[in-house]
Amino acid sequence: MCLHTGNDTIAWISNKMKTTTEEAQAFGTMLVAYGYIYPLQNHKKLVMCNDSSLYRFQTPYFWPTQKWVPDDSDYAIYLAKRNIRKKGVLEPYEQAHYNHLHEWLNHKWDFIVMQAAEQYKAGKERKKPDRVVFDCQERAYWMVNRPPVSLSNSNMFYQQAIMRSKVKSSVSLGALVKYITTYKNHDPFLASCLPSNPWQTDHDAYWTLNMRRVEVPTKMRVERWSFSLFELLSDLRGRDDFKIFLKKEFSGENLAFWEAAEELKWGTSSSMSTKAETIFKTFLAPGAPRWINIDGRTMGLTVKGLEHPHRYVLEAAQTHVFLLMKKDTFFRYLKSPTYKDIQKKALNPEPHNFSPGIHPIILWQQEEEEKAKAAAASAPVDVKAMMSKIDRKK
Amino acid sequence: RKYMRSPPTPEMATQEVPLNETLAHLKTESETLKSKLEEERAKLHDVELHQVAEKVEGLGQFVMKTRRTLKGHGNKVLCMDWCKDKRRIVSSSQDGKVIVWDAFTTNKEHAVTMPCTWVMACAYAPSGCAVACGGLDNKCSVYPLSLDKNENLAAKKKSVAMHTNYLSACSFTNSDMQILTSSGDGTCALWDVESGQLLQSFHGHAADVLCLDLAPSETGNTFVSGGCDKKANVWDMRSGQCIQSFETHESDINSVRYYPSGDAFASGSDDATCRLYDLRADREVAIYSKDSIIFGVSSVDFSLSGRLLFGGYNDYTINVWDVLKGTRVSILFGHENRVSTLRVSPDGTAFCTGSWDHTLRIWA
């Protein structure tokens, strides 16, 4: 049985099936996941890696296509056999399975032990290299069909859950209600959006007035910026306005750092080290041009972390900076001339009045009145009646 | 397990287990801890949602109608997502077609045919420049969109995620560079789009994971998933750990969606109920159900303020719930088969539904 490397296997699949390396790797992983090929080194992780790690084809005897159902008796025999070979060789999850099977297959345990002993004896009669290979194959088979289960995971979880800080229902439910009350007038299903809901009137003015780079935003939009720093920053137009304020205060470095940290967090893996380096030079290094003022401990941890940058290396610093802006800068912005200025300038669009026109019944009544007037005006004159009317008036 | 039978799925990674622990011992410990957790939760439960809601004004009558009907799919519509421009959408169907529409004009702008059927998941990239989709191919692929109508989108397709069973849901994070996926293989995973590298995997569900939603918070580091194991799990994206878990539904959870503040989430299940979970109080706080509603909920979403919860159901209807008072405020008819997907638009002006009747509808 020969060994082959991951990258050789992937190249072979790619060539044989006339497909890309990506596709071949995906296909290779399926072959490993379902037990046609098994990894030699990291035998618990059933994936095919495009590197020099080693794999071997599984013997057809153990292929899923044999449609042999891997039942509990077989698994019990396998575990018992391993126990005979050497005591204490079973992994904890296997030991747990063994104990469980011993209990519920107790009625046929003699049979199981006998089978295990037979197989063990037969194995001993094979040549050592063959025996080693067969053991690998059998282990790989059971890795696919009885995958390792993490048993105490749930207990650890419950312990953590018990210790996690919780809030009284009245407090958290109160917060949900408060959110609804705050945003009620901004919810197009609860209050009309001005000038009109595009879906209802087929007029997209609402979207045009609220575009990313409008010079003058609407009153509703500006009001929403005051709800939270998160809202202000999420709306890029609001963020622009906040930047105008920060420039006047000469304190733009906090927001700039926050933006850079966001780009690092959500960017491509390959760009991370370059970004980390730039951020360090610009914001964190002693004497940096846009040095941010964070506490010594956070600065220390961050700088150390930047030696081996990862996606969340700036998390602590970013949170610190965000809280600073949230608790102080944001409120000063709301009281500032910058914000008050944009509030005053903001547009309040007139609601679209797409009236459905005058009702047909009214139109018909008007029409009848006109007809009657016209009929009266064109009727032949009754001279006698008119004369007597004039006489009577005299 | 939901759409096709498959051999037992292999685990992608294992965790360390302490020695000399037997199954029985762990089980008793588990039960004790579970009841202690319930005790702790009950101590803090000083008021019900509907009590708090008594002081809130009632809702008026609603007139919600179908404003657009999008026809073009040749088979069951399985999923849809909105573009950040508030008018474009992407939808996917059972016959492998993925279509990008300008829902306002009802024009189809792009169409791609996937090499597999049952495209159960699709998502629009935050930039509006790409879409992601996948399904029975066990993968999530990204298609960059082009202004050139004649360009063959399939040529630029990029395979990103790879699972060992069907892809049930996918979502971009805050940028076009990362995708979060959930799968019938029982796991969720975070991927780097450029390299296709697996950044983090999330293990904890005991069966197919059917849905996920990213938290709309300032930190943006958590997401919630729902599965066939009736559990809704909240995950930390950085560590891969499950930080909260809720198991109150009586059947598969088909849809999960965060409340707009990020402090709660709603779920929709085959047990015909929608439920609201408060993350800070760590408990279920509302059940939205009616005796007359006996069919499963496929998809849920909140209106902009969080006051309304829209649910698409397998009995072809949409039920609109008052989140605070727990009552149903409206029932909408129109689709001629199951409603399979429902999303509110980014500015809350409308919601879109997709159905097994091959159409999508915009409601406002």
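**Packing, piece by piece**

Guide: The buried residues of helix 16 of chain A pack against helix 15 and helix 17 of chain A. Contact means heavy atoms within 4.5 Å, and buried means under 20% relative accessible area, exposed over 50%, partly exposed in between (1.4 Å probe, protein chains only). Helices (H or I, at least four residues) and strands (E, at least two) are DSSP runs, numbered from the N terminus.

Visitor: Before we go on, what kind of model is this?
Guide: This is a predicted model, where local features need pLDDT of at least 70, side-chain atom pairs count only at pLDDT 80 or more, and totals for chains, interfaces and linings use all residues. Residues are numbered from 1 along each chain as its sequence is written, chains are lettered from A and ligands numbered from 1 in the order in which they are written, and side-chain values use heavy atoms, with hydrogens and water left out.

Visitor: Thanks. Which residues of helix 16 of chain A are buried?
Guide: Thr298(A), Met299(A) and Thr302(A). They cover an arc of only 100° around the axis, so they sit on the same side of helix 16 of chain A; the arc is that of the directions from the helix axis to the C-beta atoms. On the other side, Gly296(A), Arg297(A), Leu301(A) and Lys304(A) are exposed.

Visitor: And helix 8 of chain A, what do its buried residues pack against?
Guide: They pack against helix 11 and helix 12 of chain A, plus helix 2, strand 19, strand 20 and strand 21 of chain B. Those buried residues include Leu173(A), Leu176(A), Val177(A) and Ile180(A). Seen down the axis, the buried residues fall within an arc of 150°, so they line one face of helix 8 of chain A.

Visitor: New topic: at what angle do helix 13 and helix 14 of chain A cross?
Guide: Roughly 140°, with the axes coming within 10 Å. Axes are lines fitted to C-alpha atoms, for helices over the stretch in contact, and angles run from 0 to 180 degrees between N-to-C directions.

Visitor: Who meets whom there?
Guide: Arg239(A), Phe242(A), Lys243(A) and Leu246(A) in helix 13 meet Leu255(A), Trp258(A) and Glu259(A) in helix 14.

Visitor: Last one: where is Ser330(B) found?
Guide: In strand 25 (residues 328–332) of chain B. At 12% relative accessibility, Ser330(B) counts as buried. Leaving aside neighbours within four places in sequence, Ser330(B) is in contact with Ile318(B), Asn319(B) and Val320(B).
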